[in-house]
Amino acid sequence: MTAGASGIGRVIADQLYDQGATVYICDISPDALGAVSEDERMRCHQVDVSDVVQVAKLLETIEKEQGRLDILINNAGIAGPTAGVEDVSVEDWRATLAVDLDGVFYVTKYATPLLKKSTSSAIVNMSSNAAFSGCPLRSPYSAAKWAIVGLTKTWAMELGGDQIRVNALCPGSVEGARIDRVMANDAKERGVDQAEIRRIYESQSSLKRFVEAKDIASMVLFLVSDSGRYISGQAIGIDGHTESLASLS
Ligand code: NAD
């Protein structure tokens, strides 16, 4: 479970734990990791998913301690810059893709041999509604989230013969600190009030409201359970049906 110490990942990790799973949380933030109660079935590791050496070491530890992996949740993903394409710095572009795309590849690369040791395993990749519609002022983020859908379909084909199912989740705006930061940046970039940005984000979904992390976790639990045993290669929206992410008009 990557980026499992706070935000959506924390809710997923707690629900998997409550179902009896032994959960390995990796997260870059020592503070967030410090707030998780560790025990035999909830194990915390400080890992930056964009660092291939750290990722390989974590999977080596899991192999030593558990011998196999049943579920991989590729949840880590940073928001990246809020800027028009001509204003996105090369450094910000690379830094966003390093976490949001390279990290997903590194973790999956080193986790796959362990997933193959399970008789039925599942990968869930966290994409976004930005994958389907594009997302103005979020070039590196939307590029990575589109790429994750491509990887999901590719890995579903590559790994299906090993009974590994691979799906992507595409949440809309999820209530929490992260979307508040995104809206604040968007408001600043566009020179409008943050309340107006929230009104616009809400209006972009048919249900006219934000998603909650527990809704993402419920779908994860379904997909990794026996109920989801025939579901693979899908990119599933959990977004109240995003009609458009078109910018202010
Ligand atoms: P968040 O910003 O709240 O971050 C969650 C955790 O990620 C934090 O504990 C942070 O320390 C960790 N993290 C950041 N960089 C890391 C790295 N390099 N390596 C390991 N851990 C790292 O994020 P969130 O809102 O919980 O989002 C989780 C996932 O859901 C992301 O992939 C995000 O793109 C996706 N998503 C979020 C929303 C939303 O509205 N929040 C919408 C659609 C998709």
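In what order do the 4 strands of the open sheet stand, and is their pairing parallel or antiparallel? The legends below begin with this point.

**Figure 1. The open sheet.** The strand order is β3-β4-β5-β6, and the pairing is parallel. Strands (E, at least two residues) and helices (H or I, at least four) are DSSP runs, numbered from the N terminus; two strands pair if DSSP finds at least two bridges between them. The edge strands, each pairing on one side only, are β3 (71-74) and β6 (235-238). On average, neighbouring strands of this sheet are turned by 20° against each other, direction ignored. This is a predicted model, in which local features need pLDDT of at least 70, side-chain atom pairs count only at pLDDT 80 or more, and totals for chains, interfaces and linings use all residues. Residues are numbered from 1 along each chain as its sequence is written, and side-chain values use heavy atoms, with hydrogens and water left out.

**Figure 2. Strands β3 and β4, with two helices on the sheet.** Strand β4 (residues 121-126) pairs with β3 in the parallel sense over 4 bridges. Leu72 has Ile123 of β4 as its bridge partner. Helix α6 (residues 139-159) packs on the sheet and touches β4, β5 (164-171) and β6, where contact means heavy atoms within 4.5 Å. The direction of α6 makes about 165° with that of β5; axes are lines fitted to C-alpha atoms, for helices over the stretch in contact, and angles run from 0 to 180 degrees between N-to-C directions. Helix α9 (residues 213-224) also packs on the sheet, touching β3, β4, β5 and β6, and its direction makes about 165° with that of β5.

Figure 3. A polar contact is a pair of N or O atoms within 3.5 Å. An oxygen atom of the ligand lies 2.8 Å from a backbone N or O atom of Ile8. A nitrogen atom of the ligand is 2.9 Å from a polar side-chain atom of Asp48. In Lys145, a side-chain N or O atom lies 2.9 Å from an oxygen atom of the ligand.

**Figure 4. The shell around the ligand.** Helices α1 (7-18), α6 and α7 (177-190) each supply at least two residues of this shell. The most comes from α7, with 3 residues.

**Figure 5. Two loop residues with positive phi.** Most residues other than glycine have a negative phi. Leu137, in the loop between α5 (130-133) and α6, has a positive phi near 75°. Lys208, in the loop between α8 (194-203) and α9, has a positive phi of about 60°.

Conventions:
Polar contact = N/O pair within 3.5 Å; in protein donor to acceptor, adjacent residues only side chain to side chain.
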